[in-house]
Amino acid sequence: LRASILLPTSANPAGMVDEIERVAADSRFVQASFPVRSGILYGKRLFWPVYEALARNGLVAGIHWGGSNYGLAPTPSGWPSRYIEEYVAEVQVYESQLMSLVAEGTFQRIPDLRVTMMDIGFTWVPMWLWDMDRNWKGMRREVPWLTTYPFEIVREHFRFTVAPLDADSRDELAELIKWLGSDELLLFGSDYPHTHDDDLSVLLGAVSDDARPRLMAANARDWYRLSAAAE
Amino acid sequence: VEGEPAKSRADGKYVVARARDIPEGSRLLVTVQGREIGIYNIDGQFHAVLNRCPHRGAALCRGDVIGLITSTGPGEIYLDTSRKFIVCPWHGWEFDINTGKSWYQAPDGRSRGFRTARPVGIEVKRGSELTDELSDGATEVADGEGAVINAATHRIEGPYRAELYPVEHDDEYVVVSLRRISALSGPPDGPPPPTYRSASAEA
């Protein structure tokens, strides 16, 4: 069993660093948890010391559904009325965090930083990054430190847990995974004890025989550097 | 002007403006033989570029002129003003003002490079070298932002015409040649460069 470090709120980056350093020596921690609704986009450089602490200790930044104690809404236009709206809207916060982490040059400054996007699925990733790639070509002089496509940066520095599984068609999922460019970006995740009622067999049917064990175990084992011996 | 269409000079070159009317840092759009051409004065050097982006055909010369931007890391931006690029207003493609070449190519080769923007031969001539053409109405001079010589319709925006403004031998004129700069032809897989009839062939 491995765990995430629970950090102080994003209002206190120095406290986040302190907490990472306090507990990182315990190898059962492989990740630090970041609520996706942070109030300040995670690419901003006030968080860079936090990521440097993670990279220094070989830990992953795990961005998870939910908000900090600022009472931040899941939409830029405030709170929706119903849970269904919040549930569906949340992805745009992940998109914004991913965009910020890439555009600000976080991975140029901290090349060893790894980020896992949890509890938001992955079907949104290709389209969002097509848009970023296309606009990077035209507007890259705003971010001249990015020397390659945002999608390339994401493939290197991000992983995505598969729940919730938005699509329920094997063929559609296979197409989406093709657009991702690699099934190695996907980590099995159930959001336990929460449940999304996903039919995992649809996803497993959408990937090759080789990819199935990777998706269920090896991808995460590699990403979190869990050697077989440690198990 | 009513009457004969503007003639090219015998060497296929066109006088498009007084040099002093395109001050440093400004740009003039002219039309020569139906082709819209942006005339730039950048750091005292004149440049002429076809007003058509080779990517999707936007009016390239409506874009900004910027220096070369480089970076050594996040938040660190360096501007080299000694190299200038025209930035297409549609998709931000940048073209070196000296060569017309698109400066950018994606590092992984996933994106095709774009074709070279078309540079146009340009030189500054002293009025004394052009007296004959200016005085017989064969060549016209336009002035100011947006002023256009339209050789096809023979209509000129702006106040300057050769007949109304006597030639001052001390003036300098900007002369454009429709011949492409030979060393800067398009890529091997691109269309062949257009050919222009010489003045003698038109006559």
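This is a predicted model: local features need pLDDT of at least 70, side-chain atom pairs count only at pLDDT 80 or more; totals for chains, interfaces and linings use all residues.

Trainee: Fine. How many residues does the contact take from chain A and from chain B?

Mentor: Chain A gives 19 residues and chain B gives 21 residues.

Trainee: And what area is buried between chain A and chain B?

Mentor: About 1500 Å². Carbon and sulfur atoms give 56% of that.

Trainee: How many salt bridges does the rule find across the interface?

Mentor: Zero between chain A and chain B.

Trainee: Which helices of chain A supply at least two residues to the side that touches chain B?

Mentor: Helix 5 (106–109) and helix 6 (125–139) of chain A. Helix 6 gives the most, with four residues.

Trainee: How do the residues on that side divide into nonpolar, polar and charged?

Mentor: On the side of chain A that touches chain B, nine are charged, five are polar and five are nonpolar.

Trainee: Switching to salt bridges. How many over all chains?

Mentor: The structure holds 14. One of them joins A:Glu90 and A:Arg37, with the closest N and O atoms 2.5 Å apart.

Trainee: Where do A:Glu90 and A:Arg37 lie?

Mentor: A:Glu90 is in the loop between helix 3 (83–89) and helix 4 (91–103) of chain A, while A:Arg37 is in strand 2 (residues 29–37), so the pair ties together parts 53 residues apart in sequence.

Trainee: Are A:Glu90 and A:Arg37 buried or exposed?

Mentor: Both are buried. That means each has under 20% relative accessible area.

Trainee: Which residues are linked in a network with them?

Mentor: A:Glu86 is linked with A:Arg37 and A:Glu90 in a network of salt bridges.

Trainee: What about A:Arg22, which residue does it form a salt bridge with?

Mentor: A:Glu19, with the closest N and O atoms 2.9 Å apart. A:Arg22 counts as exposed, at 61% relative accessibility.

Trainee: And what does A:Glu175 pair with?

Mentor: A:Lys178, in a salt bridge with the closest N and O atoms 3.5 Å apart. They sit three residues apart in helix 8 (residues 170–180) of chain A, so they too are separated by about one helical turn.

Conventions. Residues are numbered from 1 along each chain as its sequence is written. Chains are lettered from A and ligands numbered from 1 in the order in which they are written. Side-chain values use heavy atoms; hydrogens and water are left out. Contact means heavy atoms within 4.5 Å. Buried area is the accessible area (1.4 Å probe) that two parts lose on being put together, summed over both. A salt bridge is a side-chain nitrogen of Lys or Arg within 4 Å of a carboxyl oxygen of Asp or Glu. Ala, Val, Leu, Ile, Met, Phe, Trp, Tyr, Cys and Pro count as nonpolar, Asp, Glu, Lys and Arg as charged, and the others, Gly among them, as polar. Buried means under 20% relative accessible area, exposed over 50%, partly exposed in between (1.4 Å probe, protein chains only).
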